[in-house]
Amino acid sequence: MAIMNLEFSVVRYFRIFKIKAEERWAALVALLFAALLNGLVIWAYADKFMPISDNHWKLFINNFRISGFDPITYAVLTDWQTGYNVYRHPLLAFFVWPFYQLNQGLMALFGVNCAQFICAAILIFCSVYSYVFLYRIFREIIKLSRFDSTLLSAMLFSFGYVMVSLSVPDHFGPSMMVLICALYISGKCMEKGRMLTILQTVLLFLFTAGISLNNGIKIFLDALFVNGKRFFHWKYLLLAVILPAALIWGFARLEYRTFVWPKEMARKEIKAKKDKAKKEAMFKAFKDTSNIKDSAALQKAFKAEVNKQAWKKYRADHKQPWNKHTGKPIAKGEFSRWTDISTSRWDTFVENLFGESLQLHQDQLLGDTLRSRSVIVPYRSIWNYVAEGLLVLLFLAGIWFGRRSRFLWMALAGFLFDMLLHMGLGFGINEVYIMTAHWVFVIPIAIGYLFKKLEEQEHTAPLLIGRSLGVGLVLFLFIWNTALYVQFFFL
């Protein structure tokens with residue numbers, strides 16, 4: 001009986017992935033669109049990445065160039081390792097492990113590296129279910145019409161860095177799908193007056209935090225909004241919040257000590273030997289070309305020359321983009337060094353947060369701030385700022401009309417957490433658009449409450465105007481971003 005109950009519970013959880021009749025055609029379109037985007041990335045790098053190499057990590061890192069995204073997933077799919085930062089992505093390498101095993105079999109069968117194709121399949125799956133779960137939020141929770149639900153779901157896919165995130169080998173595409181799924185599940189619990197159970201909370205937390213640790217906080221925020229005061233019941237707080245958080249952090253520390261620290265020590269030892277050999281060679285060369293005979297004076301002169309060269313290198317390094325474009329941190333601790341208090345917040349808001357995230361820039365298209373792209377890039381046309389302004393106004397209007405919705409405030413809580421992290425503390429602010437997939441779905445969700453208000457009005461003119469504006473923006477963004485993304489691969 002216990003086994004039957006467990007099987008029923010597992011089947012019930014997987015029922016969420018069954019695509020309903022009214023979702024099928026739009027889901028198919030989302031699949032084809034994601035396949036097109038992923039096909040571009042595969043086409044661009046297949047000649048370099050498909051042949052078997054003796055150093056895949058170096059091959060991927062040295063050749064992959066799409067914004068500031070890292071091709072670590074390709075490397076982990078090829079030669080499994082904890083290649084991600086274990087404190088920020090504690091379980092991600094282990095989520096990828098089964099697909100690594102699949103790739104090993106395909107490599108043995110076909111003699112080529114299939115990491116790109118496996119990664120594309122994962123991202124296409126995430127694209128389809130990001131659409132499906134978001135559509136269900138509009139239809140089942142906000143209670144919008146099919147037309148408005150389809151329009152606002154499509155809006156998410158029209159955003160520039162959603163397109164990019166769903167086609168590059170990084171963690172943002174899967175993160176977005178899980179976060180939207182968590183909102184949908186939480187919304188259904190709210191609708192039915194049910195609690196998020198301990199098991200549901202733990203599973204959602206492990207998947208979100210396992211992929212990206214900071215996103216795990218959003219699950220606890222969701223649970224707080226759904227469960228209310230019951231969130232603080234000792235049993236729930238202990239088993240669903242404190243214990244999973246402690247376990248995943250402890251696992252990250254163990255993962256670092258087991259997999260990362262030995263490699264770091266080995267690299268430091270190799271570097272120390274190379275530095276020693278290099279210094280000895282430099283001293284020999286200096287001695288051979290110097291007229292100084294006294295050994296103490298020779299050592300002193302050599303030390304002065306070494307310090308001079310080190311200063312030159314220090315000054316040269318600070319002119320490099322990877323240093324120049326990194327703002328001043330709050331402190332230089334293990335985690336505080338990731339912060340930034342010097343980068344302009346207003347310019348970042350206009351050109352990057354609600355700029356590049358939603359509309360790609362023509363200049364320095366999908367460049368990397370750690371290589372060559374400027375941190376702030378302006379648009380050439382005033383119309384891009386008009387589109388951005390309209391989206392922000394619709395977003396704010398949606399918040400106003402949905403201000404009494406507990407579900408909207410739950411979604412906004414996650415958004416505000418990201419804004420505190422990126423725009424407040426400055427984490428990743430020099431390329432804040434890369435994190436778009438973690439929060440941008442809140443924009444169409446908020447706009448959904450504006451559309452709901454318009455649908456409830458007796459007069460059809462405001463609804464017609466709102467829909468026309470929405471259709472116009474979505475079409476503009478699709479055409480603009482798709483054209484630039486395609487152009488990027490054919491430059």
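Analyst: The count comes to two cavities of 30 Å³ or more, where a cavity is a set of points, on a 1 Å grid over the protein atoms alone, at which a 1.4 Å probe fits but cannot get out. Rolling a probe the size of a water molecule over the atoms shows where empty space is left. The model is predicted, so local features need pLDDT of at least 70 and side-chain atom pairs count only at pLDDT 80 or more, while totals for chains, interfaces and linings use all residues. Residues are numbered from 1 along each chain as its sequence is written, and side-chain values use heavy atoms, with hydrogens and water left out.

User: What volume does the largest cavity have, and which residues are closest to its centre?

Analyst: A volume is the space filled by probe spheres set on the grid points, which are joined across faces, edges and corners. For the largest cavity this comes to about 90 Å³. Its lining, meaning residues with an atom within 4 Å of a point, consists of 14 residues, and Leu179, Leu183, Lys218, Gly414 and Phe441 are the closest to the centre. Two or more lining residues each come from H9, helix H11 (216-227) and H17; such helices are DSSP runs of H or I with at least four residues (strands are runs of E with at least two), numbered from the N terminus. H17 gives the most, with five residues.

User: How do the residues of this lining divide by class?

Analyst: Ala, Val, Leu, Ile, Met, Phe, Trp, Tyr, Cys and Pro count as nonpolar, Asp, Glu, Lys and Arg as charged, and the others, Gly among them, as polar. The lining of the largest cavity has nine nonpolar, two polar and three charged residues.

User: Which residues line the second largest cavity?

Analyst: The volume of the second largest cavity is about 30 Å³. Phe33, Ala34, Leu37, Ser127, Phe157, Val162, Met163 and Leu166 form its lining. Helix H2 (24-49) and helix H8 (160-165) each give two or more residues to that lining, and the largest share, three residues, is from H2. Seven residues of the lining are nonpolar, one is polar and none is charged.

User: What is a pocket, and what volume does the second largest pocket have?

Analyst: A pocket is an open set of points with protein on both sides within 12 Å along at least five of seven lines. The second largest pocket has a volume of about 1,400 Å³. Its lining numbers 40 residues, with Tyr13, Ile16, Phe17, Cys181 and Phe207 nearest the centre. Helix H1 (2-14), helix H5 (92-110), H6, helix H9 (172-192) and helix H10 (198-211) each supply two or more lining residues. H9 provides the largest share, nine residues. By class, 27 of the lining residues are nonpolar, four polar and nine charged.

User: Let us turn to helix packing. At what angle do helices H16 and H17 cross?

Analyst: Axes are lines fitted to C-alpha atoms, for helices over the stretch in contact, and angles run from 0 to 180 degrees between N-to-C directions. Helix H16 (residues 382-401) and helix H17 (residues 406-424) cross at roughly 135°, and their axes come within 10 Å. H16 is therefore oblique to H17, since angles under 35 degrees count as roughly parallel, over 145 as roughly antiparallel, 65 to 115 as roughly perpendicular and the rest as oblique. Phe395, Gly398 and Ile399 of H16 are in contact (heavy atoms within 4.5 Å) with Leu408, Trp409, Leu412 and Phe415 of H17. Six of these residues are nonpolar, one is polar and none is charged.

User: Is the crossing of H16 and H17 left-handed or right-handed?

Analyst: A crossing is left-handed if the near helix is turned anticlockwise from the far one by less than a right angle, and right-handed if clockwise. H16 and H17 form a left-handed crossing.

User: Which residues of H16 meet H19?

Analyst: H16 packs against helix H19 (residues 460-490) at about 135°, with the axes 11 Å apart. The crossing of H16 and H19 is left-handed. Asn384, Ala387, Leu390, Leu391 and Leu394 of H16 meet Leu469, Leu473, Phe476, Leu477 and Trp480 of H19.
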